[in-house]
Amino acid sequence: MDAFDQLWQRRKGELRRPLRVRLGEADELEIGHDLGGVQIEFFNLICKEAFAEEAQMFTTDSSTGLSYFRPGSLQPLHMYELLGLLVSLALFNGITLPINLPWAFYAHMRGTINPPEFPDLGPPAIKDGWPVVANSLYSILHEHVEDLDFTLPLEANGLRLTVLLPSCQSIQKGQRRELKVVSSVSSSGKPIDIENISESWPGWKLVKTTEQDDIMDVTPENQRAYVRDYAQFLCYGSIAPQCDAFFRGFHSTELLRPCDLDLFTASDLKLHLEGSDHLDIHDLKNCAKYEGYDPKSRYIASFWKIVTSWPEAKHKQLLKFVTAAERIPIPGAKHLPFVIKKTTPENGEVLPTSSTCFGTLYLPKYPSPEVLAAKLNLALRYGCEGFGNG
Amino acid sequence: MCAGPNPRAHLCPYFDASTSPESPQSPGDGDARDPSNLMQLLCDTKSIVGLSSDVGDFREDHDSVRIHQKIFEMLRVAGRIPSLSTSGFLSNQQLAEGIFECFQWLLNKAPLNRAAPWKMINREVISKGYAYPPRHENLPVDETYNTWLAILDVLDHEPNLRLLERMMKIVSARRGLENFLQAAAANSGSETKFKRPQESVEYLLATKLSSGGTSTPTFLLATVVWLKKFLSKYWDSQPIIRESSPSFAALQILAHLHDKHSPDVQDEAFKMPLITSRVGMLELSSSFLSEDRGRALHILAFNYLFSSAELSLVFRMVNHLKMR
């Protein structure tokens, strides 16, 4: 919240300056000075908080690992706006974020803040984030399914609703978007009167459908339109207030022009912002630098032998320990600083430490490879989170 | 060593003097080429000699004459304001069909039977702006299987490139005409008098090109490679591309071809590292920041030419420059 408070007060011109983050209380003996590592750590913490289930802002699919806005989220919309502002700052400052969002999110990011047009949406647009639904929609396109109409399911806040596709027209900030509800039951199957909760969902006004609301059946003539509407509902319609708020915050900084984002396709933009999850340890080894150690020495050879024997998850732990980065940028690990520096501590029991500001691993010379391996394991186990000595 | 009785044997172990084309004329016969010159000997591949020997028969090659006349006529009318009687005016569709016919004629000069040599040339030579593949080839070149040398000879043949330039000028001229009419209508306050065609010449041409390879799957790949070769020769290495330039026309056609997502050509085939090696990341980024371009586009607008890593780097540099 401190970060939000500080950003909220800034003029737009100030946001153009290089970002510097100070973690820690003012009266602590040591405050982190940001030379790159601290801001990565800061955004890692922000994303971890925002995308956690407890925050109720995003929902994560356990099978795909992708997150998306939570339909009917009870979090106030200004939280999404602030998150959008932070994502804009991260993108502007070239920081990769430990998030996993579907193609539709980046397609929206490349568009404008006004409600997007989705003329060509269909199963391909949602196959990464909603693979099961995409397969079902594919089959609807190729064969007629009986007893289907233009209503859409929405599960949120313990309720199961059947709704009509909401309008995608732009609305003023502070206005509520109307969601027409055909039927509403609780998770136990008990009918719920939505008039009691009409304005309890931020950004929405839930209203019952009336006789004038014509609910069409899906026929072979209009099944393409149904598939398009369903895809649009998943990408935007079901989370419109949250999506609008996020991108309002994102574009409010005016740091990124539309033509800047147009450099990328949606897939490339995802790759740029999220980086890659795959770390090639040999890539890292080839671009590592050394201070006080000879790269060809037996000790360094032992170090890399120990590291390369680890699973990939532990390689990424090492990377995070040294650089604070959880993801690898598109050009590869060579764009992350990774320095192994010799230290000569008085006490031979000390663990290796790191300075994420400089991407440096302070590695004492231990008496044997076994001791080296044990110390590294301990350091990674306790030193990967937050700032300080873990 | 090179001027002995069998001068080419040491250059290529597979050279067979009995099957080689006729030796070039000796000096003193009025020929400007010096056949004993080493560079001349290296350049005198079978296909080059074949291409050059057609010069004397040019005027009797009816196909050639017809194509050139067609291009001349299209170039004459493409940029002309249609008269009230509309005689002589060619629509975008007609222009696209005419240029497509010329493309077919040009492409049929090169071996299209295998895609692999085209992919190799695209990847190792054209995209990087080299003259020859940088690594040594183990297989001998020939005209049926390992045809990369024959392809390069056709691509590098100056008359072919000039013909391609004139085809691109047709597209530029039509675009220039449409822009002019639109501006004139806007200035006179009567925009309804001119309605810009929904489909531009480059879009229609790209549609025909992408569907014209049904008999020859390599056709589309060869088109892409040839357009990239054209770009490497005629692009002036400036990051801002004027709409009136033939390079712009080639880039637009490539953009439409890229958007077709044809299975015959992967996205990788459109990448061109030559761009960043000629312009440089800093100039690319700083020129991209400037908004005032008039009737021109920045080359980054054609982002299919760049890899994800290059675009990522440009994006970061643009943002760093904004921080100043």
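This is a predicted model: local features need pLDDT of at least 70, side-chain atom pairs count only at pLDDT 80 or more; totals for chains, interfaces and linings use all residues.
**Exercise 1. The open sheet of chain A**

Find the strand order of the open sheet of 4 strands in chain A, and say which helix packs on the sheet.

*Solution.* 
- Step 1: Start with the order, which is β7-β8-β10-β9 in chain A, with mixed pairing.
- Step 2: Look at the ends of that order. β7 (289-291) and β9 (353-355) of chain A are the edge strands, each pairing on one side only.
- Step 3: Check the twist, which averages 25° from one strand to the next.
- Step 4: Zoom in on one pairing. β7(A) and β8(A) (residues 339-343) run parallel and are joined by 3 bridges. Within this pairing, Glu291(A) has Lys341(A) as its bridge partner in β8(A).

**Exercise 2. The two pairings of β5(A)**

Which strand of chain A pairs antiparallel with β5(A), and which one pairs in the parallel sense?

*Solution.* 
- Step 1: Take the antiparallel case. β4 (residues 159-163) and β5 (residues 177-186) of chain A are joined by 5 bridges. Val163(A) finds its bridge partner in Val181(A) of β5(A).
- Step 2: Now the parallel case. Here β5(A) pairs over 5 bridges with β6 (residues 204-208) of chain A. Glu178(A) has Lys205(A) as its bridge partner in β6(A).

**Exercise 3. The interface of chains A and B**

Describe the contact between chain B and chain A, from its extent down to the salt bridge.

*Solution.* 
- Step 1: Count residues: 16 of chain B are in contact with 22 of chain A.
- Step 2: Turn to area. About 1,800 Å² is buried between the two chains, and carbon and sulfur atoms give 62% of this. On the chain B side, Phe315(B), Lys322(B) and Met323(B) lose the most area to chain A, together 38% of what that side buries.
- Step 3: List the polar terms. There is 1 salt bridge between the chains, and the rule finds 9 residue pairs in polar contact across the interface.
- Step 4: Identify the salt bridge. The side chains of Lys322(B) and Asp260(A) form it, at 2.5 Å from N to O.
- Step 5: Assign the elements. In chain B, α12 (281-289) and α13 (308-322) each supply at least two residues of the side touching chain A, and α13(B) gives the most, with 10 residues.
- Step 6: Finish with classes. That side of chain B has 9 nonpolar, 4 polar and 3 charged residues.

How values were computed:
Residues are numbered from 1 along each chain as its sequence is written. Chains are lettered from A and ligands numbered from 1 in the order in which they are written. Side-chain values use heavy atoms; hydrogens and water are left out. Two strands pair if DSSP finds at least two bridges between them. Axes are lines fitted to C-alpha atoms, for helices over the stretch in contact, and angles run from 0 to 180 degrees between N-to-C directions. Contact means heavy atoms within 4.5 Å. Buried area is the accessible area (1.4 Å probe) that two parts lose on being put together, summed over both. A salt bridge is a side-chain nitrogen of Lys or Arg within 4 Å of a carboxyl oxygen of Asp or Glu. A polar contact is a pair of N or O atoms within 3.5 Å; within protein, one must be able to donate a hydrogen and the other to accept it, and residues adjacent in sequence count only if both atoms are side-chain atoms. Ala, Val, Leu, Ile, Met, Phe, Trp, Tyr, Cys and Pro count as nonpolar, Asp, Glu, Lys and Arg as charged, and the others, Gly among them, as polar.
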